[in-house]
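Let's walk through this structure together, one step at a time. Have a look at the sequence and the model below, and then read on.

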Amino acid sequence: MRVGLLHPEQDLDLSLPLPHAWEEVEHDLGLGTVLEAMAEGDAYLLEVARKVLAQGLSLEPAAIFHRQASLREALERPELVEALYGLAGRTLQEKRRESWGLFRRDRPDLYGGIKAMEALLRGLKELLRLLEGAPLASPGFTALRERLLGELTPGFFREAEEHLKTLRFPQGVWMAARLGLEGRGADYILLPPGGQRLPWPFTKRPKAYTLTLHPRDETGARILGELRERGIAAAARALAVAVEEVARFFEALRAEAGFLLGAARLAAKLRATGAPICFPQVGERGDLAFRGLYDVGLLLRQGQAVGNDLEASGRNPIFITGANRGGKTTFLRSLGLAQLMMQAGLFVGAEAFRGGLVDGLFTHFKREEDPSLEAGKFEEELRRLSGLVDHLTAHPLFLFNESFGATSEAEGSELGAQVVRALTERGVRVVFVTHFYTLAAAFLEAPGVLFLRAERLPDGRRTYRLQVAPPEPTAYGRDLLARVFPVPPTEA
């Protein structure tokens with residue numbers, strides 16, 4: 001069986017590896033705050049949300065639209081996805097508890113398999129009750145209900161329960177075997193219970209013998225037990241396969257419903273602040289336009305965030321300059337988070353958002369000095385950049401924040417310009433925050449480039465908004481002057 005809430009054709013696979021340097025992306029974009037808001041202390045759900053966001057970079061538009069429809073359903077009925085998530089978790093827990101740890105793939109225990117399957121069947125019945133009466137509308141949820149109703153009929157449950165009852169062998173284990181080498185038994189098969197004999201193809205049946213063990217014959221009992229285990233081994237293996245198949249379904253249901261539950265929790269937290277959220281439009285490659293885009297992580301931490309508007313479709317690279325503490329890094333994070341959330345099928349923190357898909361997201365933010373003193377900041381930056389470039393995908397988004405700032409402006413600007421040209425020529429979308437005027441000015445005449453600048457009012461106040469404007473060579477002069485020679489307050 002397939003769940004199909006997050007993808008129209010396949011279930012979520014949590015075993016896939018994370019993209020290269022994903023920990024750096026999480027750190028640089030402040031993704032941990034978003035994940036914690038989704039998980040609410042649930043370690044399993046946090047890991048699911050983390051992996052689903054990472055895997056979104058490989059989704060096609062059809063899968064994103066499918067997931068958006070499921071999420072809309074979840075936002076309308078959060079109690080349903082919470083019930084599905086809880087049911088899947090309880091069923092898997094009961095399956096482990098009821099089997100007493102006896103159920104193992106390498107050496108399946110028949111009794112443990114029976115107890116495990118009984119727990120799973122109870123879970124399937126409860127799942128049907130949850131979905132049958134729900135007013136579902138999205139393709140993911142309705143298709144899941146239709147698949148379950150088509151396969152889990154009353155006749156299916158009756159037959160499954162009858163098989164489990166038979167496997168307890170209330171009339172004893174009836175089996176047959178042939179004599180192998182050295183007179184040992186081979187090719188054990190189970191026979192119908194209750195003494196029903198199979199047709200004998202010859203004119204005369206063989207003689208039957210009865211062996212009765214003495215109550216104190218421990219060796220004989222052990223040998224007879226081994227013969228019994230050989231006879232039921234095939235049945236135990238077949239039951240093990242069935243248990244694993246149903247358990248995989250509940251594992252997928254738990255993961256997919258858990259992600260939708262986390263998304264519903266995140267939406268509730270954002271809406272409680274009064275901030276807007278929207279389902280983004282998936283555009284052509286290179287599209288980028290939004291209104292009121294804000295940093296979701298910052299909003300969750302501080303309760304407020306400033307939104308920005310931009311039309312940058314077809315523009316590459318994008319340089320962001322301006323005074324310190326003007327919102328440049330926050331804007332960069334908001335852009336990266338929106339890209340990840342859009343491609344994972346989530347809403348984004350904005351009034352409206354349209355963007356093209358990328359197949360990778362890389363971040364290169366400034367770091368503190370290497371505490372081991374094995375490398376300086378500049379050397380560390382180059383090593384990190386080299387590792388990222390070695391793993392570039394075909395059409396990624398690359399976010400730079402004050403990169404190459406550990407050296408002189410002349411050297412850092414020359415290196416940065418070469419890196420940006422090489423990446424954009426290869427088709428990489430680059431957004432670069434820099435305080436080097438020389439670096440940004442090197443692209444003043446370049447076609448397709450877009451310059452943004454952090455807005456600073458005449459009195460030095462920051463609005464934390466970005467405006468389309470070329471870089472200024474004196475971006476920090478007034479700030480530095482005020483820091484060295486503070487202006488005394490005006491007397492009344």
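Helices (H or I, at least four residues) and strands (E, at least two) are DSSP runs, numbered from the N terminus, and two strands pair if DSSP finds at least two bridges between them. You are looking at a predicted model, where local features need pLDDT of at least 70, side-chain atom pairs count only at pLDDT 80 or more, and totals for chains, interfaces and linings use all residues. Residues are numbered from 1 along each chain as its sequence is written, and side-chain values use heavy atoms, leaving out hydrogens and water.

Start with the open sheet: its six strands follow the order β8-β9-β10-β6-β11-β12, with mixed pairing. At the edges lie β8 (361-365) and β12 (462-468), each pairing on one side only.

Now find β11 (residues 450-456), which runs antiparallel to β12 and is joined to it by four bridges. Arg453 stands opposite Gln467 in β12.

Helix α1 (residues 22-29) packs on the sheet, touching β8 and β9 (397-401); contact means heavy atoms within 4.5 Å.

Which helix comes within 5 Å of α1, axis to axis? That is α2 (residues 31-39), and the two axes cross at roughly 85 degrees. Axes are lines fitted to C-alpha atoms, for helices over the stretch in contact, and angles run from 0 to 180 degrees between N-to-C directions. The two helices, α1 and α2, are therefore roughly perpendicular to each other, a term for angles of 65 to 115 degrees. Trp22, Glu26 and Leu29 of α1 meet Leu31, Gly32 and Leu35 of α2 in this contact.

How values were computed:
Parallel < 35°, antiparallel > 145°, perpendicular 65-115°, else oblique.
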